[in-house]
Amino acid sequence: MTRAVITGWGKCRPPLSLTNADLERLVETSDEWIAERTGITERGLCHMETTDMAEVAARHALAAAGLEPTDLDLIITCTLTPEVSCPSAACSLQERIGAVNAAAFDLNAACSGFVYGSVTAASMIAAGAKRTVLVVGVEKLHFLMDYRDRNTCVLFGDGAGAVVYEAIDDPADSSGPGVLGTDLGADGVSGSTMVVPTLGSRGELTSTRDPANSRLHFEGQAVFKIAVRGMIDSVCRALDRAGLTADDVDLVVPHQANERIIRAAASRLGLSDDQVMLNIATHGNTSAASIPMALNDALDTGRVRPGDIVVFTAFGGGVTWGSVVLRWGDRVERLGTSDAALDPVEVTVDELLAKNREFFAPLYD
Ligand SMILES: CC(C)(COP(=O)(O)OP(=O)(O)OC[C@H]1O[C@@H](n2cnc3c(N)ncnc32)[C@H](O)[C@@H]1OP(=O)(O)O)[C@@H](O)C(=O)NCCC(=O)NCCS
């Protein structure tokens, strides 16, 4: 039997922060409302491109695993904000880091992307098709935000997170490390609750981009309910397949959509605060990037110990959901580090968002 173990992890939190105070200047909102309803105080804003963030996270993850880019045999990039449709974000990353031995493809399951990517990687490793897989979650969500729409723009941030999954042959039994149980699901019937109408082929070739169809939109309360129920049921199914219960869980690293969603799901699963990783306060909702970024922070703050049962769980547009249950290996420290970083920031928040504000302005005339 072969199982997938995480051996490397890295993230890229853009240095520029959009704070609640900045948002108070842009829309009719308050730091108090945002903090109470979402748990967010600031979120990253990327002054570069998706591939730049993915590269930084990937180089940190490879260094942590003690691997070279040429050791990879597959790159899966999970994103709903690729720079272009083709070549894929994964192929751009492969070229950037020189991972010449890796196959590469993108996967879009919105905020569930990293979990879908992890299940794909673990399944391919278990099947013997691949042995060393880089899974990256990366999003430049500010591109899709209308910074005059207070319902959406306070929630989302930019960023990237990456992990390396490696094959481990003949792990003892369920007491050995690696992915032990998974769950994936979707409900297209509820797809209209979260939409990004642009960035697709719908419509006439000659039509210009319409601001009304170029921004992320969701039905907040509907999504809230789907998210809580979806994550609870999915975690239970994945734990069941692993032969475990919520009592066995050391740390859940959930998709960081809203602190209240996470707390509601955690309390119904009977989990205490120290069993749940939260970093939404400083990152916001980074969609497919949120779990690998939170995992990175969990490792950096000693929240993961050797042999721990760790659970990833997410829900997102589509709608989609999924969970991964794994036993961490022996190592919680990086084998090496990388000095990869985004270029120094030479713009202000207002300068970076100026074009966006201008584009969506006609909706408010
Ligand atoms: C969006 C969300 C934070 C709203 O929280 P909520 O408690 O459900 O708030 P409501 O929708 O009931 O809105 C309450 C009021 O606050 C207002 N409001 C919305 N955004 C606001 C903001 N940024 N500042 C101040 N007021 C705001 C609403 O207009 C509404 O006013 P009204 O009662 O006069 O109509 C919450 O529903 C949520 O997080 N949903 C999930 C969204 C999501 O994560 N989508 C992506 C999934 S991956």
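These are my notebook entries on a predicted model.

**Entry 1: the core**

I began with the largest nonpolar core, which has 115 residues. I looked up which members touch the most others, and found Ala57, Ala61, Val135, Val136 and Tyr165. Helix 3, residues 50–65, gives this core its largest share, 10 residues. I then followed Val136 and left out residues up to four places away in sequence. Its contacts are Ala54, Ala57, Ala58, Thr77, Cys78, Leu93, Ala160 and Ala162.

**Entry 2: the ligand**

How many residues surround the ligand? I found 20, and the closest are Thr29, Cys111, Arg150, Gly220 and Asn258. By class, this shell has 10 nonpolar, eight polar and two charged residues. I also noted the helices that supply at least two shell residues each: helix 2 (31–38), helix 6 (150–153) and helix 7 (220–242).

**Entry 3: helix 7 against helix 8**

I went on from helix 7 to its packing with helix 8, residues 259–268. Two packed helices are described by the angle between their axes and the distance between the axes. Here the angle is about 35 degrees and the axes are 9 Å apart. The crossing of helix 7 past helix 8 is right-handed. On the helix 7 side I listed Phe224, Ala227, Val228, Met231 and Ile232; on the helix 8 side they meet Ile261, Ala264, Ala265 and Arg268. This contact has eight nonpolar residues, no polar ones and one charged one.

Next I looked up His283, which is in helix 9, residues 280–283. Is His283 buried or exposed? It counts as buried because it has 27 C-beta neighbours inside 10 Å, where the cut-off is 20 or more. Leu155 is 128 residues from His283 in sequence, yet their C-alpha atoms are 9.4 Å apart. Leaving out residues up to four places away in sequence, I found that His283 touches Arg13, Arg43, Gly44, Gly157, Gly159, Gln256, Ser290 and Met293.

The loop between helix 9 and helix 10 holds Ser287. Its phi is near 50 degrees, a positive value in a residue other than glycine. Ser287 is buried, because 34 other C-beta atoms lie within 10 Å.

Just after helix 10, Gly302 has a positive phi of about 70 degrees.

**Entry 4: backbone details elsewhere**

I checked two cis peptide bonds. One runs from Cys86 to Pro87, with omega near 5 degrees. Pro87 sits in the loop between strand 4 (74–78) and helix 4 (89–97). Another joins Gly318 and Val319, with omega about -10 degrees. Val319 belongs to the loop between strand 12 (309–316) and strand 13 (320–327).

Ala110 also has a positive phi, near 50 degrees, and is not a glycine. I placed Ala110 in the loop between strand 5 (103–107) and helix 5 (113–126). Ala110 is buried, because 24 other C-beta atoms lie within 10 Å.

**Entry 5: Tyr364**

Last I looked up Tyr364, in the segment after helix 11 (349–360). Why does Tyr364 count as exposed? The reason is its 10 C-beta neighbours inside 10 Å, as exposed stands for 12 or fewer. I also noted Arg148, which is 216 residues from Tyr364 in sequence and 8.4 Å from it in space, C-alpha to C-alpha.

Note on methods. Residues are numbered from 1 along each chain as its sequence is written. This is a predicted model: local features need pLDDT of at least 70, side-chain atom pairs count only at pLDDT 80 or more; totals for chains, interfaces and linings use all residues. A nonpolar core is a set of buried Ala, Val, Leu, Ile, Met, Phe, Trp, Tyr and Cys residues joined through C-beta atoms within 7 Å. Helices (H or I, at least four residues) and strands (E, at least two) are DSSP runs, numbered from the N terminus. Two residues are in contact if their C-beta atoms, placed from the backbone, lie within 7 Å. A residue is near a molecule or strand if its C-beta atom, placed from the backbone, lies within 6 Å of it. Ala, Val, Leu, Ile, Met, Phe, Trp, Tyr, Cys and Pro count as nonpolar, Asp, Glu, Lys and Arg as charged, and the others, Gly among them, as polar. Axes are lines fitted to C-alpha atoms, for helices over the stretch in contact, and angles run from 0 to 180 degrees between N-to-C directions. A crossing is left-handed if the near helix is turned anticlockwise from the far one by less than a right angle, and right-handed if clockwise.
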